[in-house]
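Please open the structure in your viewer and keep the selection panel at hand. We will go from one stop to the next, selecting a few things at a time.

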Amino acid sequence: MYNSVSKPAAKPGVYLTELMITKFLGRVFSGRIFKGGQPKIIPFGSHGIARERISRCALTVTQTLQRHEFAAFVVGGAVRDLLLGREPKDFDVATDATPEEVRRLFRRSRIIGRRFRLVHVMCGPETVEVSTFRGGDAAEDDETRRSDEHGRILRDNVFGNQKQDATRRDFTINALFYDPASQEIWDYHDGVDDLRKRRLRMIGNPEKRYREDPVRLLRAVRLAASRGLEIDARSRKPIRALADLLANVPTSRLFDEMLKLLLSGHAVECVTKLRREGLHHGLLPLLDVILEQPLGERFVMLALKTTDERIRAEKPVSPAFLFAALLWHEVLAAWKSIEAKGVPTIPAFYQAMEQVMQVQAEKLAIPRRFGAEMKEIWALQPRFLQRAGRRPYRLLEHPRFRAGYDFLLLRCESGEVNPDVGGWWTRFQRAGQAEREQMLLQDTEPKKRRRRRRRKERSESEAMKAEG
Ligand code: ATP
Ligand code: MG
């Protein structure tokens with residue numbers, strides 16, 4: 001179905017002229033031609049966002065679409081971030097062209113998505129996501145829009161007009177359209193005013209909108225914390241009571257959202273706010289328990305702080321490292337309780353890692369590629385305590401040594417491990433051969449026991465590799 005702004009293929013002759021006049025009027029009257037929508041149109045002079053601030057690819061996409069008589073706007077997070085004076089991460093374009101029509105206009109493009117079809121247009125290394133205007137409320141009774149018993153929308157693949165597209169978006173500041181040709185912002189929900197007041201406001205009835213898609217609960221917290229906004233009272237009120245709805249969200253979506261939150265460069269503020277709003281329970285199960293233990297909290301917060309600093313300095317960060325850190329005290333707790341049942345130390349440690357990964361896989365769907373790296377970082381930890389014989393040399397050669405060492409430093413800083421151990425490894429890396437030999441601790445382990453232990457370690461690490 002394609003309503004309101006549907007555009008029959010242009011025909012030669014009279015019809016084409018008519019279509020062009022209609023389009024022309026559409027431009028002159030700045031959108032008032034669209035049925036049922038009265039956006040506020042904010043001229044360049046009032047907002048100051050010049051088209052040069054739009055990425056090359058997004059400009060090409062809107063220009064090409066407009067040249068072919070389609071409406072095309074930069075939309076969503078990019079417009080919001082430009083108005084906040086931030087560099088947008090990526091650019092999305094909204095249009096009245098269908099995915100097939102978009103696909104035909106750009107050689108390097110492909111249609112993606114099952115729930116709602118979008119087009120990815122590639123120019124060099126950049127990808128711009130192009131979505132067709134979608135209906136929201138207007139399509140409520142449509143049989144293509146179905147909800148579960150909590151009000152969560154399961155399918156909403158209905159095209160709509162620009163106004164409907166604005167209304168189906170989550171927050172007013174995310175529903176702004178920027179036209180690079182005229183440099184105007186089209187604002188259906190007073191989003192620009194909210195941005196000026198640094199206010200995050202849900203479009204429509206907040207409780208209903210959270211029920212439709214509980215991920216919006218997390219988005220509210222992430223956007224408020226990372227952009228320094230206040231969630232307006234009506235939008236904030238239902239959050240705590242609806243927190244349990246997150247349990248119905250598919251784990252892969254939860255994982256994506258958590259990753260965005262943790263890699264936002266403001267993870268400390270986000271997690272602090274998640275706790276304040278009572279949203280952390282369903283996310284990283286038992287994270288609340290960890291955060292209630294003084295050592296666990298210090299460790300998690302330190303890991304988040306380090307990640308934030310790296311992201312703000314535009315250094316790469318490893319999501320696996322971060323998840324390994326978030327769950328470390330889970331592993332320690334599980335390790336202790338398995339050992340208490342009489343399982344020997346090292347096997348108990350491996351069982352603990354497995355157990356924690358299992359629970360997380362169910363809740364957060366941590367992808368397997370992260371899982372293997374997380375386990376490696378954890379498995380290196382006991383090896384940092386062995387500072388005699390050839391073992392420290394072997395550890396230095398390990399491909400994950402750097403991640404394991406950074407992890408160790410966090411453990412030291414949080415008070416879990418004696419800082420001397422971290423200091424020893426810092427010196428050992430920098431030292432020359434002679435100094436290294438001097439630094440090695442006395443190996444007090446009897447030869448026979450050492451051989452037995454090594455054999456066991458080897459078979460365990462092979463078993464891990466086979467799994468990973
Ligand atoms: P960022 O990219 O910084 O995470 P964003 O707002 O651009 O923030 P995206 O996930 O890229 O977030 O979404 C792009 C736009 O799509 C949003 O600005 C919003 O208009 C709309 N949107 C995204 N998620 C939802 C949702 N759950 N409900 C309604 N609208 C949404
Ligand atoms: Mg975005």
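The tour begins with the ligand and then moves on to the sheet.

This is a predicted model, in which local features need pLDDT of at least 70 and side-chain atom pairs count only at pLDDT 80 or more, while totals for chains, interfaces and linings use all residues. Residues are numbered from 1 along each chain as its sequence is written, chains are lettered from A and ligands numbered from 1 in the order in which they are written, and side-chain values use heavy atoms, with hydrogens and water left out.

**The ligand**

Select ligand 1 together with the 16 residues around it, among which R80, D213, R216, R222 and K260 come nearest; a residue counts as near if one of its heavy atoms lies within 4 Å. Sorted by class, this shell holds 13 charged residues, three polar ones and no nonpolar ones, where Asp, Glu, Lys and Arg count as charged, Ala, Val, Leu, Ile, Met, Phe, Trp, Tyr, Cys and Pro as nonpolar, and the others, Gly among them, as polar.

Now look at the oxygen atoms of ligand 1: one lies 2.8 Å from a side-chain N or O atom of R80, and one lies 2.8 Å from a side-chain N or O atom of K260. At N174 it is a polar backbone atom that is 2.9 Å from an oxygen atom of ligand 1.

Next, colour helix 4 (77–83), helix 9 (215–227) and helix 12 (251–262), the elements that give two or more residues to the shell around ligand 1; helices here are DSSP runs of H or I with at least four residues, strands are runs of E with at least two, and both are numbered from the N terminus. Helix 9 gives the most, with four residues.

Turn to the eight strands that form an open sheet, in the order 1-10-9-2-3-6-5-4 and with mixed pairing; two strands pair if DSSP finds at least two bridges between them. Strand 1 (40–42) and strand 4 (109–112) stand at the edges with a single partner strand each, so one side of each has no neighbour in the sheet.

Select strand 2 (residues 72–75) and strand 3 (residues 92–95), which pair in the antiparallel sense over four bridges. Here A72 has T95 as its bridge partner, and V75 stands opposite D92. Strand 3 and strand 6 run parallel, joined by four bridges, and A94 is the bridge partner of S131 in strand 6.

Notes
A polar contact is a pair of N or O atoms within 3.5 Å; within protein, one must be able to donate a hydrogen and the other to accept it, and residues adjacent in sequence count only if both atoms are side-chain atoms.
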